[in-house]
Every structure is written in structure tokens, then in C-alpha cells.
Amino acid sequence: MRRPRVLVLCAALLVGAACKADPPKTEQVLVWQPVATWTGEGGTQTESFPSQTGTFKFTWESKSVGTTPGHLRITLHSAVSGRPLIEAVDHTGDGKDAIFVSEDPREFYVVVAAEHTKWRLTVDEGISLLLTPTRR
């Protein structure tokens, strides 16, 4: 009569092992943290802002003022050296878009050159996070 007990024990161990859940999987995600939003009709140079990642999303919009098509140019500069790093936008006429740029982390500022246009620029910084779901 020992055999049935051994079989029941083996069956219980197999079922227990089969029901064991996989460990939660860690997932890397990119979240966008707001830096600032600027608006205007003429050119401007923004205040400087620090970056931990150097990964940015520039969301911009331009609307021509008057009969002449407007022109919008947006350039990311190093606040350390002052040199232009990336020309993110060079657009004539009405438009809007989101542009992704990446640089080495440091202090930055943005120069907006605008003619005959009302514009809006929002800069967000991409932050990489590791998410591990919890078991319940």
C-alpha cells in the first residue's frame, strides 16, 4: 500500500511545480518629464536647463501671421560652450510636429528664430525607468 502514497506524493509535486508562476519580468520604459514650454511671435533664447539624459522630445507648432508664410528655426545649444548642437526644426509655413533629439547630458538652452509666425515649443526630457511588476 505504499505505492499509492508515493504516486500521490509525486503527482502533488508535479502539479505544484507546474503551477509555479514565472518570476515577474523587468521592463525598461521611457517616460517624458516636462522641461518647459515657450511661446512667442519673434525670436528668443531660453534660459538654460540641466539634463540627466540628453534625450529630448521637442513638440512644436507654428502659425503664419500675415500674408507671408512664416519661418521657424529651433536649435539646441550647449550652455557650457554656447555652440549650436542640433537644428531640431527648420520649417516654413504652418505646421506642427514632435522631434526627438539626443545629446550627451549637460546644461542646454534653445534658440528660436521666428519670422512672420506665432509659435509654441514644449521640451520634454526622456527618462529611462526599470519597472518590475509586483505579485498579488
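Biologist: Is arginine 73 buried, exposed or partly exposed?

Modeller: In this predicted model, arginine 73 is partly exposed, with a relative accessible area of 31%. That value falls between the 20% limit for buried and the 50% limit for exposed, so the middle class applies.

Biologist: Which residue forms a salt bridge with arginine 73, with the closest N and O atoms 3.2 Å apart?

Modeller: The general idea comes first: side chains of opposite charge can pair when their charged atoms come close. Here, the partner at 3.2 Å is glutamate 87. Glutamate 87 lies in strand β6 (residues 84-92) and arginine 73 in strand β5 (residues 71-78), so this pair ties together parts that are 14 residues apart in sequence. Glutamate 87 counts as partly exposed too, at 46% relative accessibility.

Biologist: And what meets the side chain of arginine 73 in a salt bridge of 3.4 Å, N to O?

Modeller: That is aspartate 90. Aspartate 90 also sits in strand β6, so its pairing with arginine 73 in β5 links parts that are 17 residues apart in sequence. At 43% relative accessibility, aspartate 90 is partly exposed. Through shared partners, Arg73, Glu87 and Asp90 are joined into one network.

Biologist: How many salt bridges does the structure hold?

Modeller: There are 3. One of them joins arginine 106 and glutamate 103, whose closest N and O atoms are 3.0 Å apart. Arginine 106 has a relative accessible area of 19% and is therefore buried, the cut-off being under 20%.

Biologist: Let's turn to the fold. What pattern does the chain follow along the sequence?

Modeller: Reading along the sequence gives α-β-β-β-β-β-β-β-β-β, which comes to 1 helix and 9 strands.

Biologist: In which sense do strands β1 and β9 pair?

Modeller: β1 (residues 27-40) and β9 (residues 117-131) run antiparallel, with 13 bridges between them. Tryptophan 38, for instance, stands opposite leucine 121 in β9. Strand β4 (residues 55-64) pairs with β9 as well, in the antiparallel sense over 9 bridges; there, lysine 63 has lysine 118 as its bridge partner.

Biologist: Which residues form a nonpolar patch on the surface?

Modeller: Val31, Leu129 and Leu131 do, with about 220 Å² of accessible area together. Valine 31 belongs to strand β1 and is partly exposed, at 34% relative accessible area.

Biologist: What about the chain as a whole: how much of it is made up of buried residues?

Modeller: Of the 136 residues, 28% are buried. The accessible surface comes to about 9300 Å², and 55% of that belongs to carbon and sulfur atoms. As for contacts with a separation of 6 or more, 79% are between residues 24 or more positions apart.

Conventions:
Residues numbered from 1 in each chain as written. Predicted model: local features only at pLDDT ≥ 70, side-chain atom pairs only at ≥ 80, totals over all residues. Heavy atoms only, no water. Pairing = 2+ DSSP bridges. Helix = DSSP H or I, 4+ residues; strand = E, 2+ residues; numbered from the N terminus. Patch = residues over 30% accessible without salt bridge, like charges linked within 9 Å, V, L, I, M, F, W, Y side chains within 5 Å. Areas by Shrake-Rupley, 256 points an atom, 1.4 Å probe, with all protein chains shown as cover. Salt bridge = Lys/Arg side-chain N within 4 Å of Asp/Glu carboxyl O. Buried < 20%, exposed > 50% of the residue type's maximum accessible area, 1.4 Å probe, protein only. Contact = heavy atoms within 4.5 Å.
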